[in-house]
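Visitor: Could you walk me through this one? I'd like to know what the terms rest on.

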Amino acid sequence: MEKTPAVILTTPGNTSIKKLQRRGGLTLWEKLYLPEIMRGMYVTSRHFFLNLFGFVFPPRGQKRSIFTIYYPEEIPPVPVAFRGRPVLVQNPDGKERCVACGLCEAICPARCISILGAERDNQERYPLEYTLDMSRCVFCGFCEEVCPKEAIVMSDMYQDLAVYDRQELVFDKAKLLVSVEKVQSRLDYIRKIYARWNY
Ligand code: SF4
Ligand code: SF4
């Protein structure tokens, strides 16, 4: 059987090397084609019927064993590394953390952030207006990465992005602000990963 060279896999921060041997050719069984089609149909049908019967006759009082999630009644948990829509962090005193420095606006590749800065009586800077056009956001996370105040982070929210009118995706400051408790796990996570990348 023909073999392609091994691929060496590494992950950031992990120096261990794994070798993945990719097969370039097919076995005789695979070349026969039909047995593999039948095997694929068997796997697909097995999952289909298991999930169908699990849906029609859900086990009472038992932990469900099927993988289907009844969205939107059930919301799947998302990992902390997930990049949902960006949000502005609101401190417990109700003030935004943002100091309207404009770095996120400058770095955003989609040009979807627009900020109008102002100063409070005590010379504290804050965004008088902060607008983010979610219909243009590409969820790259650059704004989060560049922010010196941990004032904008990628949240686990994505459900309010399904709308019928694109204008509804232009989020103003009030719509972007989220209390710090709600994004604390993401803040802990970004502190860890950005420290590891040694910026
Ligand atoms: S995630 Fe990327 S595209 Fe979206 S607002 Fe931030 S920098 Fe812009
Ligand atoms: S980079 Fe951070 S502090 Fe600066 S304007 Fe953006 S959100 Fe505000």
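Guide: Among contacts between residues at least 6 apart in sequence, 65% join residues at least 24 apart. A contact here means two C-beta atoms, placed from the backbone, within 7 Å. It's a predicted model: local features need pLDDT of at least 70, side-chain atom pairs count only at pLDDT 80 or more, and totals for chains, interfaces and linings use all residues. Residues are numbered from 1 along each chain as its sequence is written, while chains are lettered from A and ligands numbered from 1 in the order in which they are written.

Visitor: Why do S4 and S5 count as a pair?

Guide: Pairing takes at least two bridges found by DSSP. Strand S4 (residues 113-119) and strand S5 (residues 125-133) have seven, in the antiparallel sense, so they pair. Isoleucine 115, for one, has tyrosine 130 in S5 as its bridge partner. The two strands form a hairpin with five residues between them, and glutamine 123 in the turn has a positive phi of about 70 degrees.

Visitor: What makes Cys108 a residue near ligand 1?

Guide: Near means that the C-beta atom, placed from the backbone, lies within 6 Å of the molecule. Ligand 1 has 15 such residues around it, and Cys108 is among the closest, as are Cys137, Cys140, Phe142 and Cys143. Around ligand 2 there are 13, with Cys98, Cys101, Leu103, Cys104 and Cys147 coming nearest.

Methods:
Helices (H or I, at least four residues) and strands (E, at least two) are DSSP runs, numbered from the N terminus.
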